[in-house]
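Please open the structure in a viewer and keep the sequence at hand.

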Amino acid sequence: MLLGIRWYWWLIMAAVLVISIPFKIKFMKWWNKRLQERKDGGGGKWGDEE
């Protein structure tokens, strides 16, 4: 037991971390694109998209 956690919990945490990395990268790309569109578009409000 390392830090009082059994070995299979370390495996589960490692698997969750590995699985979450691509989602984080995708989210960061989406967020940067959204910020760029907002900056280029003049900062319109949510209801103005028609």
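A residue is called buried under 20% relative accessible area, exposed over 50%, and partly exposed in between, with a 1.4 Å probe and protein chains only. The model is predicted: local features need pLDDT of at least 70, side-chain atom pairs count only at pLDDT 80 or more, and totals for chains, interfaces and linings use all residues. Residues are numbered from 1 along each chain as its sequence is written, and side-chain values use heavy atoms, with hydrogens and water left out.

**The whole chain**

Select the chain in cartoon view. It has 1 helix and 0 strands; helices (H or I, at least four residues) and strands (E, at least two) are DSSP runs, numbered from the N terminus. Of its 50 residues, 0% count as buried. The accessible surface, from the Shrake-Rupley method with a 1.4 Å probe and, for residues, only the protein chains shown as cover, comes to about 5,200 Å², and 67% of that belongs to carbon and sulfur atoms.

**The helix**

Next, select residues 7-40, which make up helix α1. The 34 residues of α1 should span 50 Å at 1.5 Å a residue, and the 49 Å between its end C-alpha atoms agrees with this; the expected span is 1.5 Å times one less than the number of residues. Move to S20, where α1 has a kink of about 30°, shortly before the proline P22. The bend at a residue is the angle between axes fitted to the seven residues ending there and the seven starting there.

**W10 and the nonpolar patch**

Now show the surface of L3, W7, Y8, W9, W10, L11, I12, M13 and V16: they form a nonpolar patch with about 1,000 Å² of accessible area together.

**The aromatic rings**

Finally, display the aromatic side chains. The whole structure holds 5 aromatic pairs. Rings of Phe, Tyr and Trp (its six-membered ring) pair if their centres lie within 6.5 Å; planes under 30 degrees apart count as stacked, over 60 as edge-to-face and the rest as tilted. Select F27 and W30, both in helix α1 and 3 residues apart, about one turn of the helix. F27 is partly exposed at 44% relative accessibility, and W30 is partly exposed at 45%. W31 is partly exposed at 33% relative accessibility. Lastly, return to W7, Y8 and W9, which ring pairs link into a cluster.

Conventions:
Patch = residues over 30% accessible without salt bridge, like charges linked within 9 Å, V, L, I, M, F, W, Y side chains within 5 Å. Salt bridge = Lys/Arg side-chain N within 4 Å of Asp/Glu carboxyl O.
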